[in-house]
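Subject: Structure handover and what turned up in it

Hi there,

Here is the structure I promised to pass on to you. Have a look at it first, and then read on for my notes.

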Amino acid sequence: MRSLVPKHRGSQLGLRELSSTTVRPARRFAVTPKALYHNLGPRESGRAKAAQQSLQRVLELVQRGERDALVDYFATSNLTDTPTLKLASGCEVMVFEDVMERMLLRSPSRHFLDSYAIRHLILSSPATSQVLSGLMLGPNKYVQRMSVTSSLGESCILTFTMTATEPSLAAPQPSLAEPGTAAAAIAAASLQSNETPDGAGSGGVSEPVWRLKSVRGEPQFGIGATQPTGPSPELSPEQIVEAHLAALQRQDVPAAFQFLSPGSKNIIGDVKKFAENVAKHRRYGGLLGHIAATSVRRCMARPTTYMEIVSVTSASGTRFVFCYILSQETQGSGAGCWSIDFIKVVDDPRLVAAVDTSCAAQRKQAQQQQLDDE
């Protein structure tokens, strides 16, 4: 793959790096208990409360950086094909990094944590958070939206989806986790005085087990009619890529140049040289005035490194695949800002074929969603 802007320092990106990254020290924050809007649904307040309590335990584990304990709260469908580790006691457990690695090997549509969720919940923890709304979408499905802000200033909205499973069909409950593990300690501390470890209430009736089905993110402040003029702490890397593509689509090269990282600008030179680099290459030239751009895959490789694969249809109808690599400044006047380190053309036939398959799956999913809405 050939690079439009210079390659940044650092090692090759790998799946294992996501889970092996050291989590930054957690900052304590309080989740506002009262949502701005909350619909419990008819006669479902008890189930909604149980879902909220499970979600609160998930957020507590995020703050503590107890990632392996989080696995106990993932929906069973998210643990498919994940290998287990057998402990000396004979119990089998799943390791968080294995769950994440298996997730990344699946198609993006099957990722239960997107790039926003991984950045704000796994690679770091929120500095502030507020519940925006909560809604029961049936007896076994609860959705909660939260506004979160990182320590460096990026704000986004996370949508948590919780699903309920009958105890007999659920995976081992957190309260029955291996003694001595973090999961067991958290579960034991969260039990109320009138609860029993097996989840059975009065009369011997077992309550459903609520687990995390998915977390999806979106910008706190979307890119509307007014496009950003350059990187700023409140903009996410996803928004930076979107703004850069929008600038190239309207053939505003000077605006696109502003989204490059300081290191890239220093090596490339001025806007004129950047424009020449774009224009003289057939593939990069396809970005200028392109018809459409589709995000195929988004990945947080490290806390300050973001990667996105984009399929672009040029004005002539030719399709190209590009890989964006962004980094985040952590100090100085640009602290918190995401910017583009380099853009590479993806020309490996196997990768291009994978992109074609992913785009087809996205179109099929969009069509199905449209039919469901109707």
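Gln-239 is buried, with a relative accessible area of 2%; here buried means under 20% relative accessible area, exposed over 50% and partly exposed in between, using a 1.4 Å probe and protein chains only. Gln-239 lies in helix α7. Helices (H or I, at least four residues) and strands (E, at least two) are DSSP runs, numbered from the N terminus. Although Gln-239 and Glu-218 are 21 residues apart in sequence, their C-alpha atoms are 9.5 Å apart in space.

Before going further, some housekeeping. This is a predicted model, where local features need pLDDT of at least 70 and side-chain atom pairs count only at pLDDT 80 or more, while totals for chains, interfaces and linings use all residues. Residues are numbered from 1 along each chain as its sequence is written, and side-chain values use heavy atoms, with hydrogens and water left out.

As for the overall picture, the secondary structure of the chain comes to 12 helices and 11 strands. Of the 374 residues of the chain, 45% count as buried. Contact means heavy atoms within 4.5 Å, and residues 24 or more positions apart account for 64% of the contacts in the chain with a separation of 6 or more.

Now back to α7 and its partner. Two packed helices are described by the angle between their axes and the distance between the axes. Helix α5 (residues 115-122) and helix α7 (residues 237-249) have axes that come within 10 Å and cross at roughly 145°. The axes are lines fitted to C-alpha atoms, for helices over the stretch in contact, and angles run from 0 to 180 degrees between N-to-C directions. On the α5 side the contact is made by Ser-115, Tyr-116 and Arg-119, and on the α7 side by Pro-237, Glu-238 and Gln-239. By class, this contact has 2 nonpolar, 2 polar and 2 charged residues. The classes are: nonpolar for Ala, Val, Leu, Ile, Met, Phe, Trp, Tyr, Cys and Pro; charged for Asp, Glu, Lys and Arg; polar for the others, Gly among them.

Helix α5 is mostly covered, as 8 of its 8 residues are buried. Arg-119 and His-120 are among them. At its N-terminal end, α5 is capped by Asp-114, which places a side-chain oxygen 3.2 Å from the backbone nitrogen of Tyr-116.

How many cavities of 30 Å³ or more are there? The count comes to 3. On a 1 Å grid over the protein atoms alone, a cavity is a set of points where a 1.4 Å probe fits but cannot get out, and lining residues have an atom within 4 Å of a point. Grid points are joined across faces, edges and corners, and a volume is the space filled by probe spheres set on the points. The second largest cavity holds about 60 Å³ of space. Its lining includes Val-58, Phe-74, Ala-117, Leu-121, Ile-122, Phe-160 and Val-215. The largest share of that lining, 3 residues, comes from α5. By class, the lining has 11 nonpolar, no polar and no charged residues.

Another residue to look at is Thr-159, in strand β6 (residues 155-165). Thr-159 counts as buried because its relative accessibility is 16%. Its side chain makes a polar contact with the side chain of Arg-145 (3.2 Å). A polar contact is a pair of N or O atoms within 3.5 Å; within protein, one must be able to donate a hydrogen and the other to accept it, and residues adjacent in sequence count only if both atoms are side-chain atoms. Not counting residues up to four places away in sequence, Thr-159 touches several residues, including Val-143, Ser-214 and Glu-218.

Asp-81 is not a glycine, yet it has a positive phi of about 70°. Asp-81 is found in the loop between α3 (67-70) and β2 (85-86), and it is exposed, with a relative accessible area of 60%. Gln-251 is not a glycine either, and its phi is positive at about 60°. Gln-251 sits in the loop between α7 and α8 and is exposed at 54% relative accessible area. In helix α8 (residues 253-257) you will find Ala-255, which is buried at 17%. Leaving aside neighbours within four places in sequence, Ala-255 is in contact with Ala-247 and Arg-250.

Best wishes

Technical notes
1 Å grid on protein atoms, 1.4 Å probe; cavity = no way out; pocket = protein on both sides within 12 Å on 5 of 7 lines; lining within 4 Å.
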